[in-house]
Structures are given as C-alpha cells and as structure tokens.
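Please consider the following note on the aromatic rings and the open space in the structure shown here.

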Amino acid sequence: MDIKQAIAAERTELAELLDGLAEADWEAPSLCAGWRVREVAAHMSAGFRTSRSQMLRELLRARGNLHRMTDHCARRDAAAMSTAQIAAALRDNAHHPWKPPVGGLPAALGHDVVHGLDITVALGHGRRVPQQRIGVLLDTVTPRSLKFFGADLNGVALRADDLDWSYGTGTPVSGAAQDLLLVAFGRRLPAGRLRGEAADRFTADLVRPAAPEGGDGAARR
C-alpha cells in the first residue's frame, strides 16, 4: 500500500464526512475524553496550520506539558473556526507532508485514522476504514506504543474478527479490527462493540463533562 496515498484518501474521505454532519453532531462527545467532535476535527489539521516556531511557543506557554498544549490549541481553534473551515482545512491539506515527531508516515496515517474513528464511532456512524489502512496500523502495535498511548492490555489477548490479527496473551477480547485499533490507542469504546469477559475494561459511557481549560486531559496524540 502507498501510505502517502492512503493518508490523502483518509483526509479527503473524512472531510467529506465532516461536511455532512449535523450541527448537533459537532457538539457531541468524541472518544477523546473531554473533547467534542468539534475539538477532535479542529485538532486533526493543527499540524498543517502551525509552524514549528509557533508550536514551540505554545509548548512553552503550556510549561512543557504536551497534553495541556494540545488541549488548549484544540479548544481555541474549535471556537475560532467554522465547521466549514475545519472540514476545508483537512481537505485542502490532503497531501500535506506533516508527520508526528516519531513514527514517520505510519504515525501520520494513524493520527488521521484514529481521530477519524474518535468521531465516527462516538457518533455511531457506520464508516469502515479500508482494511489495508487498519492492517498497516495494527502492525505498529508494540509494548512501547501501548505505553505511549496509555493502553493497558495486561492479561488480555486482542483477536480481530475481520482480519488475521491478534495481540497479547490472556483473556480474549474480540471485535472488528478498527475497534481493536482504538483499544490499542488507549480509547474506551461504547458498550456492545467488543466481546469477551474483559471487554468492560475497554468500554465507557460517552456522556461526560468536558475537561477544564488547560487540563491535562487524555492521551490525544
């Protein structure tokens, strides 16, 4: 798979999806604790719209706390940008070469795919990410990545229903590959998407208050 083309396709498809959201959907909670769909969507294009020097200044303002900086910027941009502008920022930058500080192109694809799922899964939208993209990202799951994203899989074996993929040992937890990808990225899913005795460890009620301005929030990398 050409990862650059996959990234461009993912951004274009998500921009089209955002264009079709109702206003109430933009205000709904996402899988990112404390963020509405609006904050997640605004955050997705932050790397395209922010220079390295601007990012460093924001990090200094946040006293070196990456989560605090990310939270502040997402809330600021979500308030300042219209929904049409948020969608356009993703579409217009479909081929932007931005990558996270570590992980290269697969990490850039992961950023788009996982944040897209933060939106669609939370809204109960039926979008299925192409399995080739999901497979590339599942292949990057390691003990180090799990720690980075705050995913505790101790004593659990993830088993995909729709891909030949598994990870870990212990009590089986099964589900769609894209849902297990979210688990590996530290997300909690709506009830009913996973199966197994330990499935409740990875589910949560999405109705929750927003995190306070400037709080650490969840791992939203």
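1. Phe-149 is buried, with a relative accessible area of 13%, whereas Phe-148 is partly exposed at 40%. Buried means under 20% relative accessible area, exposed over 50%, and partly exposed in between (1.4 Å probe, protein chains only).

2. This is a predicted model, in which local features need pLDDT of at least 70 and side-chain atom pairs pLDDT 80 or more, while totals for chains, interfaces and linings use all residues. Residues are numbered from 1 along each chain as its sequence is written, and side-chain values use heavy atoms, with hydrogens and water left out.

3. The structure holds four aromatic pairs. Rings of Phe, Tyr and Trp (its six-membered ring) pair if their centres lie within 6.5 Å; planes under 30 degrees apart count as stacked, over 60 as edge-to-face and the rest as tilted. The ring centres of Phe-48 and Trp-98 are 6.3 Å apart and their planes stand at 80 degrees, so this pair is edge-to-face. Phe-48 belongs to helix α4 and Trp-98 to the loop between α7 (83-91) and α8, so the pair ties together parts 50 residues apart in sequence. Helices are DSSP runs (H or I, at least four residues), numbered from the N terminus.

4. Phe-48 is buried, at 12% relative accessible area; Trp-98 is partly exposed, at 22%.

5. The rings of Phe-148 and Phe-149 have centres 5.0 Å apart and planes at 85 degrees, so they too form an edge-to-face pair. Ring pairs link Phe-148, Phe-149 and Phe-185 into a cluster.

Technical notes
Helices (H or I, at least four residues) and strands (E, at least two) are DSSP runs, numbered from the N terminus.
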